Amino acid sequence: MQDGTQEIISGKFSHQVSQDYLERIKGDEGITLGGKFSAKIEIGTIKKPDGSTSVSYTVTDLVQKKSE
């Protein structure tokens with residue numbers, strides 16, 4: 001995927017991102033439901049012995065964008 005393209009992917013959140021998110025909900029920062037976020041995603045690619053490829057996605061950082 002290149003910057004600026006739109007594609008739906010599925011994956012997991014790293015433990016640290018999940019912990020940070022929970023702390024923001026409990027803290028003064030809060031989280032805006034329906035807000036826009038910027039994410040850093042780690043892409044793991046595994047080539048299997050049969051020649052097929054498996055790709056996994058893990059969010060490693062999540063930052064809420066400021067409302068315009």
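**View 1. The β2–β3 hairpin and its turn.** In this predicted model, strands β2 and β3 make a hairpin with five residues between them; strands here are DSSP runs (E, at least two residues), helices are runs of H or I with at least four, and both are numbered from the N terminus. Look in the turn for Gly51, whose phi is positive, about 95°. The two strands, β2 (residues 37-47) and β3 (residues 53-64), run antiparallel and are joined by eleven bridges.

**View 2. The open sheet.** Three strands line up in the order β1-β3-β2, with mixed pairing (strands pair if DSSP finds at least two bridges between them). The edge strands, each pairing on one side only, are β1 (12-13) and β2. Strands β1 and β3 run parallel, joined by two bridges, and Lys12 stands opposite Thr58 in β3. None of the eleven residues of β2 is buried, so this strand lies largely in the open; buried means under 20% relative accessible area, exposed over 50%, and partly exposed in between (1.4 Å probe, protein chains only).

**View 3. Ser14 in its loop.** Ser14 sits in the loop between β1 and α1 (15-26). With a relative accessibility of 17%, Ser14 counts as buried. Leaving aside residues up to four places away in sequence, Ser14 touches Thr58, Val59 and Thr60 (contact means heavy atoms within 4.5 Å).

**Notes for all views.** Residues are numbered from 1 along each chain as its sequence is written, and side-chain values use heavy atoms, leaving out hydrogens and water. Because the model is predicted, local features need pLDDT of at least 70 and side-chain atom pairs count only at pLDDT 80 or more, while totals for chains, interfaces and linings use all residues.
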